[in-house]
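Thanks, everyone. Let's look at some strand pairing and one interface.

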Amino acid sequence: MKIQDIIKCLKNNKAISDYQLISTEKDSRELFYVLDHLEINRAVKVVSNVITIYVSNASFTGSSVVTISSGDDEKSLNKKIKEAVKKAKEAKNPYYPLPDKQESIIEKDDKKYDLNDVALKVAKAVYKANKYESGWLNSTEIFVSNVKSRFFDSKGTKHITNGFEIAVEVIPTWSNNGEEVELYKYYETSSINYDEITKEIDELLLNAKERSVAKTLKDVKLPKDIKVLVKNDMLQDIVGNTVNDINYRSLYFKENHYNKGDVVLSQGVSLTLKPVVKGCSKSMKVDNNGIVLKAAKLIKDGKVAKLWGDNRFAYYLNKEATGNIPVIELDGPRYDYSKEKHLLIENFSAPQLEETNGYWGGEVRLAKYFDGKKYIPLTGFSISGNIYEDLKSVNLSKEDATLPDYKGPKYLIFTGIQIH
Amino acid sequence: MLNKYLKSSIPAAKNLVKELRKNYDYVSILGSEVLTKRILVGTANTSLDEVETECGFVIKVYKNGRYSEYSCDDIKNLKPSDVKKALTLKNPFTSEFKVKMLEEKEHVEDFLREDKDSLSNGEIIKRLTAIKDDMHKNEKVINVNTVYIKRQISKIFVSEKKCLTQKYDWINAMLMVVTRDKDNIKSNYHAEGEASSLKALNGLKKASPEVLDIAVRLLDAKPIKPGKYTIITDPSISGLIAHEAFGHGVEMDMFVKNRAKAKNYVGKYVASPLIDMYDGAAGVLSAASYFFDDDGVEAHKTQIIKKGILQTGISDSLSALTLGTVPTGNGRRESYKRKVYTRMTNTYFGKGKDKLEDMIKSVKHGYFLFQTNNGMEDPKNWQIQCTASYGLEIKDGKLTGKIVTPVVISGYVVDLLSSISMVSDKVKVIGSGMCGKGHKEWVYVSDGGPYLKAEAKLG
């Protein structure tokens, strides 16, 4: 159905107090390789129309989400809307208003890539790194997508934004005297940089090589209170958990560990949420409620300076709504770990973090122990700690990283972590 | 009843197959509609939404030794030339390799399994509210969420030789309780999975007092001292081990990629002789009990391990074709927008002969582990990581009352499975799980088994 027809049906239903419509159009090309042969190529051209219907009075706001699919016509759309109104009336939540009309963000769709062409160039960049005799890429999946999002609400807000994403999943494998080991990586970016992709894949293959000769904890004697460095998924989980903890929603449900003024990170460290950061594929100018996003500095000198969140929980707590800001930027004094003994965790089986009790860690597939002179690859052990304690003395590495929703130091450096 | 729109799309699908066959050697179309109703009643939040609802099609074609797929929302107005244009690669980057073409047998059938005890929204809200209010009678409880989810799945599969339709429902009911004592916050949950709304909600109500009891007791829980212990796993943790150890490990698309060590262990011992293990949409009635998979292959029950010996893997059609084996009905997609992979369905260990009481009595010092938190596989190197939400200490054959959280089991799959020394005489399969492949491609699964006694590294 056309968006105008959906909006017409929404406007015609007088029981609706407010509505929001998010229409997402995805056009993607996908390549699936086994070793270096292309097994399947795919094209995806889909549209999703999701409506949130609000029914309010002075004391409550009820809402219901409904999805409009390709099979819907005017008759079934009106039926779905009518049912959603009924559901919204049953979902009696304390009153909150929708955000006021926002200044429109209308992005031009000027990046017209030939998606098949980009996908094949990404494949060439990936396989350029596939140059080793004992190491190879076992399987590779490449996704290249244009995503167009349209937002409309009953207040008159209208946004049109365009996104571009490249995602690569690779399984690098290395054989050492017939014994094969592998690693896993899902790499996402919003920028086209083929050389960077080759560099990432090459680093992964060399990590697989390290795992093939990795020793166990029995073979080395780690110093007590060795510095432990974590990156990528674990780093994102740790920093993301801190940000979620000081969200209005956590406060409202009394599940927060921190409040304004509390010490969260080590001295001098700051954390800012930003809508758009170059290279971060989760960047968004507007959130799911249509709020035009601005940067918000949440942590200053290690302490909580500002809480954040969407319009609903901001209203309940009588705070300013920041909207759902997607990208975390971390900064502060940098620590040079390179000369002292340290344990660099390259790859977890599955990084774990329990937001309620603060447990973090997991089984390590590949780590590198620097004994003061050289790196020794290690595997088959676990680490664990408590994030609400450990972050208060965290150090930041000198190197930087850009991840899907994070920009900042490449490594978080912890002391006193359990290694077992 | 099968979704009307999908039913009305069958003639268009047959026509599109006919048209596309002029350019391709094989064509099939999968149509999928998933309607998901979610009702949440929480401490300070109520919602009635349609989430994860979708409707669309995926067209699979074969030519010159390669498969291609086109995912779209509608086929009634789709031109064959649009499909061809989107799937044509100029100078494809690939080595010379030709995948074989799928051969199918004639099969026309309709399948149906619906929720016979459907309840009104008002009735569901009333039942969830009663459970939530019960939890709040305890002053340590700060937040409760009760959730009812009903998924109604309709699918059609159309090719030159097949025209299949299926409609089935699955219902989950969940409870999550958060407790707090000053800065100490803990949570506990329970999930039911049933083919009937009434059974799911009744099950949740029955389980709720114990969920609350554990949520409160967890406030006194300590982290476990890392080390090697004797463990007893509840059916949820047994299922998690089955899933991570020889579920992912025998997905045969991994055999094609030479990514699974299991490929070389068929016919060999991989577990204690007390162990039998199964997977299959037709194995038990649970979260992944469909009638045919996303390749149009009928549901199977596959015995993976028999008396400790690895028997076979599970496969989608394309993997089976490449390996020269029979497909086991395990070809699944996250949605019509995604590729098909070999995926688990309902995965479980078979029952043994031991009584749970005897198993506990036999433990000198160890932990009774409960409730799946999460897990991760490593099919190539057979490392395993399974996290239980909590454990109860056992000393000299008795539960001491001491509780630990969380508990991470890790180690080498064969060591863990070979150490199993007792298997209980009752099996429970829990139909409320989700499983990813790598870190994506989420599908609904169930897993379970009996209580198991084993030796494991805990951290």
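Which residue in β17(B) does Gly366(B) stand opposite? Ile394(B). Before going on, this is a predicted model, where local features need pLDDT of at least 70, side-chain atom pairs count only at pLDDT 80 or more, and totals for chains, interfaces and linings use all residues. Residues are numbered from 1 along each chain as its sequence is written, chains are lettered from A and ligands numbered from 1 in the order written.

Strands here are DSSP E runs of at least two residues, numbered from the N terminus. Two of them pair if DSSP finds at least two bridges between them.

Start with β17(B), residues 383-395. Of its 13 residues, 11 are buried, meaning 20 or more other C-beta atoms within 10 Å of their own, with C-beta atoms placed from the backbone.

Now its partners. β16(B), residues 365-376, runs antiparallel to β17(B), with 10 bridges. Their hairpin has 6 residues between the strands, and Trp382(B) there takes a positive phi near 55°. β19(B), residues 407-412, is also antiparallel to β17(B), over 6 bridges. There, Ala388(B) faces Val407(B). Leu392(B) has Ile403(B) as its bridge partner. The β17(B)–β18(B) hairpin has 2 residues between strands, and Asp396(B) in the turn has a positive phi of about 50°.

Next, the interface. 65 residues of chain B contact 59 of chain A, with contact meaning C-beta atoms, placed from the backbone, within 7 Å. On the chain B side, β4(B), residues 66-72, gives the largest share, 7 residues. β4(B) also pairs with β2(A), residues 37-56, in the parallel sense over 6 bridges. Val44(A) stands opposite Ser71(B).

Technical notes:
A residue is buried if 20 or more other C-beta atoms lie within 10 Å of its own, exposed if 12 or fewer, and partly exposed in between; C-beta atoms are placed from the backbone. Helices (H or I, at least four residues) and strands (E, at least two) are DSSP runs, numbered from the N terminus. Two residues are in contact if their C-beta atoms, placed from the backbone, lie within 7 Å.
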